[in-house]
Amino acid sequence: MGLNSTKPSLTNNKYSLTFSSTNNFYRGHSIIHGNFRINSHTKLRIEKKIRVDLIGQLIENKKSTLNLTKKSLQSNNKNSKIFFTYSFPLVTSHENGIARIIQNRQINFPFRIPLGINLPPSCEFTEFSIIYYLDVYHDERLLPNIRKKIILAPQAPLITIPLPCKVTGCNDINMICSLQKSFYSGRDGSIILLSISITNPKQKQIQLVVAQLMQIVSLNEIKFENEIFTYQLNEINENTQEIQINRICELNLPSNLPPTYIPNENGQPDNVPCIAITYELRITAQMKGATTSNLRLSVPIGIE
C-alpha cells in the first residue's frame, strides 16, 4: 500500500523529541544524543521511514528598494538557504517493502547525530542569522509542532595572558591598555576590567577618555561593524592635566552576545557560509583641539 493509505498517520498519535544531554549548546566533534517517543493509541503504519533531520540554515536580510510596500518588504527582505542537512533514520519499513505496523504501545527510538568541526556557530545579527534545528519526518511528511532548536558553539577559547596594547598620539601622549582576562562570557554577561595607563609629559588637557566595543562580522568576505556600547571612562577625571594616569576601569558586557569565531579556511566546504565574528575595544583620549589615535584591543568572547 502506498502513501495514500487511509490508515492513521503519526500525526494522530502522541509523540515527543527529547535530548539526552543537559547542556543547552553543542560544539564541533560532539554528538547530539536524544530520543523520539511515540505513544500510539491506534494502528500506526510506516510505509517508508521515520527520520530526524539536523538542518543548518542561513537567513540573509536583504536591503529592499524604497518603492516596496511594507507588506512586500517583509516578504522580500529575507533570503533563506539550507546549507547543511544530516538525516538519521529512526525506524524503517521492512526490506521487502511491507509496511511496518506499530499498534497500541509506547516506544522510544534513540538517535545519534555527529557534528563536524567546520560548521559556523549559531548566531543572529541584523544582516544575517545562522540557525540549526531538528525536524522529524514520517513517510516524507514533516511532523508539526516538534521542531527543536540547536545552539552550535565554536570551540572553547584558549586561556592565555592578554598582551597590552600601546599607542603614541599627538603631543607625545602615550596610552597603554590591557585586559585582565583572556576571554569573557557572552552568554551571561560579565565585567571587563580594563587597565589604562596614560603618560602626558606636556600636561596637555585631556577632556575625556572613551571606550567603544565594536562587533566585527563578515559573511562570505562582506564585512559589517556593529556598535555594542560606548562608555565614557568616569574613572579618569574630565579635563585632567595629570602627567601620569593609571586606572582600572569597569565595563559592563551585555549578555547573549554571539561568541568569537574565526573559521578554518583550509577545511571550509564550498556550500557552507564562511563567517567570522570578532570584538575589539577602541579607546580614544579626546583632547582640546585634537584627538589621539584610537587604541584597539581584541576582546575574545566565549559561550561558557
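**Glutamine 103 and its surroundings**

Leaving aside residues up to four places away in sequence, glutamine 103 touches Ser40, Thr42 and Lys43, where contact means heavy atoms within 4.5 Å. Before I go on: this is a predicted model, in which local features need pLDDT of at least 70, side-chain atom pairs count only at pLDDT 80 or more, and totals for chains, interfaces and linings use all residues. Residues are numbered from 1 along each chain as its sequence is written, and side-chain values use heavy atoms, with hydrogens and water left out.

Back to glutamine 103, which is found in strand β6 (residues 100-114). Helices (H or I, at least four residues) and strands (E, at least two) are DSSP runs, numbered from the N terminus. From glutamine 103 to histidine 41 is 62 residues in sequence, and 6.9 Å in space, C-alpha to C-alpha. The cut-offs are under 20% relative accessible area for buried, over 50% for exposed, and partly exposed in between, with a 1.4 Å probe and protein chains only.

**The whole chain**

How many helices and strands does the chain have? The secondary structure comes to one helix and 22 strands. The chain has 304 residues, and buried residues make up 43% of them. Of the contacts between residues at least 6 apart in sequence, 70% join residues at least 24 apart.

**Aromatic rings**

A pair of aromatic rings is described by the distance of the centres and the angle of the planes. Rings of Phe, Tyr and Trp (its six-membered ring) pair if their centres lie within 6.5 Å; planes under 30 degrees apart count as stacked, over 60 as edge-to-face, and the rest as tilted. By this rule there are five aromatic pairs. One of them is tyrosine 15 with phenylalanine 36: the ring centres are 6.2 Å apart and the planes are at 35°, so the pair is tilted. This pair links distant parts of the chain, 21 residues apart, with tyrosine 15 in strand β1 (residues 14-19) and phenylalanine 36 in strand β3 (residues 31-46). Tyrosine 15 is partly exposed, at 22% relative accessibility, while phenylalanine 36 is buried, with a relative accessible area of 0%.

Phenylalanine 125 and phenylalanine 128 also make a tilted aromatic pair, 5.2 Å centre to centre with 55° between the planes. Both of these residues, phenylalanine 125 and phenylalanine 128, are buried. Together with Phe224 they form one aromatic cluster.

The charged end of arginine 51 sits over the ring of tyrosine 137, at 4.3 Å from the ring centre. For arginine 147, the charged end sits over the ring of tyrosine 133, 3.9 Å from its centre. A charge sits over a ring if NZ of Lys or CZ of Arg is within 6 Å of the ring centre and within 35 degrees of the ring normal.

**A loop with positive phi**

Which loop holds aspartate 139? Aspartate 139 is found between β8 (128-138) and β9 (141-142). Its phi is near 50°, a positive value in a residue other than glycine. Glutamate 140 is found in the loop between β8 and β9 as well, and has a positive phi of about 70° although it is not a glycine. On accessibility, aspartate 139 counts as buried at 3%, and glutamate 140 as partly exposed at 45%.

**Two last residues**

Leucine 295 lies in strand β21 (residues 295-298) and is buried, at 1% relative accessibility. Between the C-alpha atoms of leucine 295 and threonine 284, eleven residues apart along the chain, the separation is 6.6 Å.

Cysteine 274 is found in the loop between β18 (244-253) and β19 (275-287). With a relative accessible area of 25%, cysteine 274 is partly exposed. Cysteine 274 and isoleucine 222 are 52 residues apart along the chain, and their C-alpha atoms are separated by 9.9 Å.
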